[in-house]
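Let's take a friendly walk through a protein model together. Have the sequence and the 3D view open, and follow along one stop at a time.

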Amino acid sequence: MTAPEGAATPLAPTSGEDAGGISKKGLSAGTVGLIGAIVIGISCIAPAYTLTAALGPTVSAVGLQVPAVILVGFIPMLLVAFGYRELNRSMPDAGTSFTWAARAFGPWIGWMAGWGLIAATILVLSNLAGIAVEFLFLLIAQITGQEQIAELAFNPFINVAVCLLFVLGATYVSYRDMQTTQKLQYFLVGFQVLVLVVFAGAAIVQTLGGNAFDATAFSWQWFNPFAVESFSALVAGLSLSIFIFWGWDVTLTMNEETKDPDKTPGRAATLTVLIIVSLYLLLSVALIMFAGVGTGEYGLGNEDIQSNVFFALSGQVLGPLAFLVSLAVLTSSASSLQSTFVSPARTLLSMGHYGALPPKFASVSPRFFTPGYATIVSAVVAAGFYAVMRFVSENVLWDTILSLGMMICFYYGLTAFACVWYFRKQWFDSVRDFFFKLLFPLVGGVILAVLFVQTLVDSMDPAYGSGSNIGGLGLVFILGIGVVLLGVVIMIWQAIKRPAFFRGQTLSLDAPPSARTARLNASN
């Protein structure tokens with residue numbers, strides 16, 4: 001079978017000895033090292049932007065127990081990351097969730113796992129572009145002292161125009177080779193993390209010096225999840241914490257472009273999650289100590305500042321250097337916009353390569369060795385969705401973004417279960433296999449499944465989100481289910497048009513044999 005025009009690699013074979021197995025796609029191998037992968041992983045998570053938006057609502061849900069909820073939310077992410085690492089070690093493939101679920105459960109479930117990842121990341125791209133626009137004008141207003149400039153971000157024509165420029169710039173960098181992405185991200189992520197550490201350190205120093213807004217003495221009790229008042233409050237906090245960790249799996253989607261692809265992506269994913277949880281704990285503890293969790297002017301429980309806590313507190317903590325925090329958040333959203341393109345583009349590439357989508361998606365730039373066509377499609381869909389929704393209904397736009405939690409739990413959880421089932425013959429080969437191929441991913445997957453169902457139930461209430469509803473059902477619920485059903489419709493259409501993948505001819509079911517059984521057979 002020949003490659004589509006402009007591609008640097010053939011499509012996956014449908015017959016012969018190699019049919020049904022993992023195959024290369026023509027990406028630039030060996031261009032991303034461990035540090036580069038970690039930096040891109042941190043960039044995709046966007047800690048500055050994510051935590052400034054999530055810290056306030058989490059305080060409203062669980063009060064002083066924010067560090068506890070961050071730790072509890074971190075646990076399923078770490079457990080799932082272990083599962084990703086094992087899958088990547090066995091079959092490194094840019095399709096990650098799509099490829100692994102297809103090999104474990106078959107093409108239909110694999111296709112939906114890929115759809116969940118693509119839908120979540122493209123929705124995030126829309127959100128990141130819009131956030132970058134708002135913080136750009138906010139930063140300009142802060143530097144110039146002209147507060148009215150910040151209002152320009154809410155003019156839909158200006159907002160969409162600048163948003164499209166951000167997407168265009170991010171697409172250009174993503175289309176080029178991974179080395180360009182790495183070089184850009186080293187600077188953007190380095191600046192972002194440095195400012196956040198300085199911000200947290202200054203908050204602690206101000207508190208210890210008696211200059212805090214509402215000084216709150218540090219307590220190890222903040223790390224106790226059993227001190228949360230109710231289970232529903234814990235679930236609400238967990239849902240937020242799942243969102244703030246999302247994005248680390250980008251390190252795995254680059255596995256065909258990393259040095260030592262069997263080990264580097266998995267190590268990068270684990271280290272990324274550990275670095276992020278440390279940063280979040282430092283910031284949350286520092287700001288609770290400085291501002292408290294009350295509803296006063298600068299209290300973290302004040303709803304008026306919860307959409308951008310860092311901006312509200314930056315002047316109190318850093319004085320004339322407050323603009324650095326706004327610049328860090330802008331840098332965070334802009335860098336994440338660029339790095340987030342990595343995941344959907346490579347998943348679409350893999351789906352095209354294995355025949356789950358039209359072969360054009362398998363096209364690799366012959367100059368840059370990147371999934372050029374898939375990158376452009378991701379950008380067009382994300383920009384188009386944002387532009388249309390910004391004019392049609394902002395409620396629909398933001399409620400769709402709120403449904404992200406369901407998408408994240410859906411495909412992370414499915415991938416965790418894929419790890420458990422794929423390695424089912426190796427569960428008891430060793431103590432290590434029992435923990436990393438069965439127990440850890442199983443527990444992580446179950447936690448995410450529970451959160452998925454709970455979020456699904458909660459989102460039926462119109463109060464969950466903008467308040468919009470259709471027939472009494474909350475718009476967030478309808479949009480979340482709608483995205484899943486849209487995936488089902490497209491999948492069925494692709495099954496009719498491209499049956500080879502759905503028959504398991506290009507990517508077949510697999511389960512590696514037990515090493516213990518192999519040794520016994522060899523000895524006999």
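## Before we start

A residue is called buried when its relative accessible area is under 20%, exposed when it is over 50%, and partly exposed in between, using a 1.4 Å probe and protein chains only. The model is predicted, so local features need pLDDT of at least 70 and side-chain atom pairs count only at pLDDT 80 or more, while totals for chains, interfaces and linings use all residues. Residues are numbered from 1 along each chain as its sequence is written, and side-chain values use heavy atoms, leaving out hydrogens and water.

## Two residues with positive phi

Most residues other than glycine have a negative phi. Asp-260 is not a glycine, yet it has a positive phi of about 55°. Look for Asp-260 in the loop between α9 (250–253) and α10. With a relative accessible area of 40%, Asp-260 is partly exposed. Helices such as these are DSSP runs (H or I, at least four residues), as strands are (E, at least two), numbered from the N terminus.

Ala-46 also has a positive phi, near 55°. This residue sits in the loop between α1 (34–45) and α2 (47–62). Is Ala-46 buried or exposed? Its relative accessibility is 1%, so Ala-46 counts as buried.

## Helix α10 and its partners

Now find helix α10 (residues 264–291) and helix α3 (residues 66–90). The axes of α3 and α10 come within 9 Å and cross at roughly 175°. Axes here are lines fitted to C-alpha atoms, for helices over the stretch in contact, and angles run from 0 to 180 degrees between N-to-C directions. How do α3 and α10 lie to each other? They are roughly antiparallel; angles under 35 degrees count as roughly parallel, over 145 as roughly antiparallel, 65 to 115 as roughly perpendicular and the rest as oblique.

With α11 (residues 309–318), α10 makes a crossing of roughly 60°, and the axes come within 12 Å. These two helices are therefore oblique to each other. Contact means heavy atoms within 4.5 Å. Leu-283, Leu-287, Phe-290 and Ala-291 on the α10 side meet α11 residues including Phe-310 and Leu-313. By class, this contact of α10 with α11 has eight nonpolar residues, one polar and no charged. In this sorting, Ala, Val, Leu, Ile, Met, Phe, Trp, Tyr, Cys and Pro are nonpolar, Asp, Glu, Lys and Arg are charged, and the others, Gly among them, are polar.

## The largest nonpolar core

A nonpolar core is a set of buried Ala, Val, Leu, Ile, Met, Phe, Trp, Tyr and Cys residues joined through side-chain atoms within 4.5 Å. Which residues touch the most other members of the largest one? Among its 150 residues, they are Trp-111, Trp-248 and Phe-310. Helix α5 (residues 107–144) gives the most to this core, with 22 residues.

Beyond its neighbours within four places in sequence, Phe-310 is in contact with several residues, among them Ala-48, Thr-52, Leu-283 and Val-329. Val-329 belongs to helix α12 (residues 323–340), and it is buried, with a relative accessible area of 1%. Again leaving aside neighbours within four places, Val-329 is in contact with Ala-48, Tyr-49, Thr-52, Phe-135 and Phe-310.

## Apart in sequence, apart in space

Finally, visit Ile-143 in helix α5. This residue is exposed, with a relative accessible area of 57%. Ile-143 and Ala-322 are 179 residues apart in sequence and 9.4 Å apart in space, C-alpha to C-alpha. For Val-329 and Lys-263, the separation is 66 residues in sequence and 32 Å in space, C-alpha to C-alpha.
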